[in-house]
Amino acid sequence: MAYIVAATGNQHKLAEYAQLLDGQNIELKSLNDYPGYPEPEENGSSFEENARIKALAACKYCDVPAFADDSGLEVEALDGRPGIHSSRYAATDSERIAKLLKELDGVENRRARFVCVIAIAANGEVIETFEGEVKGTILTAPRGENGFGYDPIFQPDGFDKSFAELTQDEKNRISHRANAYAKALEFVEDEMSILDDEF
């Protein structure tokens, strides 16, 4: 069986990726399978740059093909913030949500989008990147128990539920990560079958 390393130890992301890979002849490894992995500095100025940094570092350290994503929430009224700093906006998910809601207090425009960029690296270089997005609205208060991060306050267009109120299957059909991942998987299957010899 072919396998690829997901350059993350985040259990929430790994669970989403595992479900997205269900039925594929690919075994998903993670950084948890490679003790001592030195986390690279995410000093890029965009989601794509940070995804490239993480994918390349994992590929070189694990010596196998790897992919990494960088994702976050961009809010129109905040000039795109928190953006690439989404996970570092505050110390915890609840604090990040509280900070964002405070900044949007009284703001009429609550349009936002989740963005995810996936980079694939093999043979010591990044070979392609893929972007996915989902647009929606920031709610005035958290709703739901599923998901993670900003999911409880993000309502995707076309739904009357927050991301955290959707089932994992529902979220995987529309999420930014699922959109980017579908493009990446199609690329690997259709354009990069040669990688099977590298896994």
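Trainee: How do the residues lining the largest cavity divide by class?
Mentor: They are 11 nonpolar, no polar and no charged. Keep in mind that this is a predicted model.

Trainee: How much space lies in that largest cavity?
Mentor: About 110 Å³. The residues closest to its centre are I4, F67, Y181, L185 and V188, out of 11 in the lining.

Trainee: Which element gives the most to that cavity lining?
Mentor: α5 does, with 4 residues. β4 (111-122) also supplies at least two.

Trainee: And how many cavities of 30 Å³ or more does the count come to?
Mentor: The count is 1.

Trainee: How does anyone find empty space like that, in general?
Mentor: You roll a probe the size of a water molecule over the atoms, and that shows where empty space is left.

Trainee: Which one gives the most to the pocket lining?
Mentor: β3, with 7 residues.

Trainee: What classes does the pocket lining have?
Mentor: It has 13 nonpolar, 10 polar and 12 charged residues.

Trainee: Zoom out. How many helices and strands does the chain have?
Mentor: It has 5 helices and 6 strands. Along the sequence they follow the pattern β-α-β-α-β-α-β-β-β-α-α.

Trainee: What radius of gyration does the chain have, and what would a compact globule have?
Mentor: The chain has 17 Å. A compact globule of 199 residues would be near 16 Å, so the two agree. The C-alpha trace spans about 55 × 35 × 25 Å along its principal axes.

Trainee: What percentage of the residues count as buried?
Mentor: 48% of the 199 residues.

Trainee: What about contacts: what share comes from residues 24 or more positions apart?
Mentor: 57%, counting the contacts with a separation of 6 or more.

Trainee: Backbone now. Is the peptide bond from R81 to P82 cis or trans?
Mentor: The bond is cis, with omega near 0°. P82 is in the loop between β3 and α3.

Trainee: Where is D79 found?
Mentor: D79 is in the loop between β3 and α3 too. D79 has a positive phi of about 55°, although it is not a glycine.

Trainee: Is D79 buried or exposed?
Mentor: Exposed. Its relative accessible area is 76%, and the cut-off for exposed is over 50%.

Trainee: What phi does N123 have?
Mentor: Positive, about 55°, and N123 is not a glycine. N123 is found in the loop between β4 and β5 (125-138).

Trainee: Is N123 buried or exposed?
Mentor: N123 counts as exposed, at 59% relative accessibility.

How values were computed:
Residues are numbered from 1 along each chain as its sequence is written. This is a predicted model: local features need pLDDT of at least 70, side-chain atom pairs count only at pLDDT 80 or more; totals for chains, interfaces and linings use all residues. Side-chain values use heavy atoms; hydrogens and water are left out. Ala, Val, Leu, Ile, Met, Phe, Trp, Tyr, Cys and Pro count as nonpolar, Asp, Glu, Lys and Arg as charged, and the others, Gly among them, as polar. On a 1 Å grid over the protein atoms alone, a cavity is a set of points where a 1.4 Å probe fits but cannot get out, and a pocket is an open set with protein on both sides within 12 Å along at least five of seven lines; lining residues have an atom within 4 Å of a point. Grid points are joined across faces, edges and corners, and a volume is the space filled by probe spheres set on the points. The radius of gyration is taken over C-alpha atoms; the globule rule is 2.2 Å times the number of residues to the power 0.38. Buried means under 20% relative accessible area, exposed over 50%, partly exposed in between (1.4 Å probe, protein chains only). Contact means heavy atoms within 4.5 Å.
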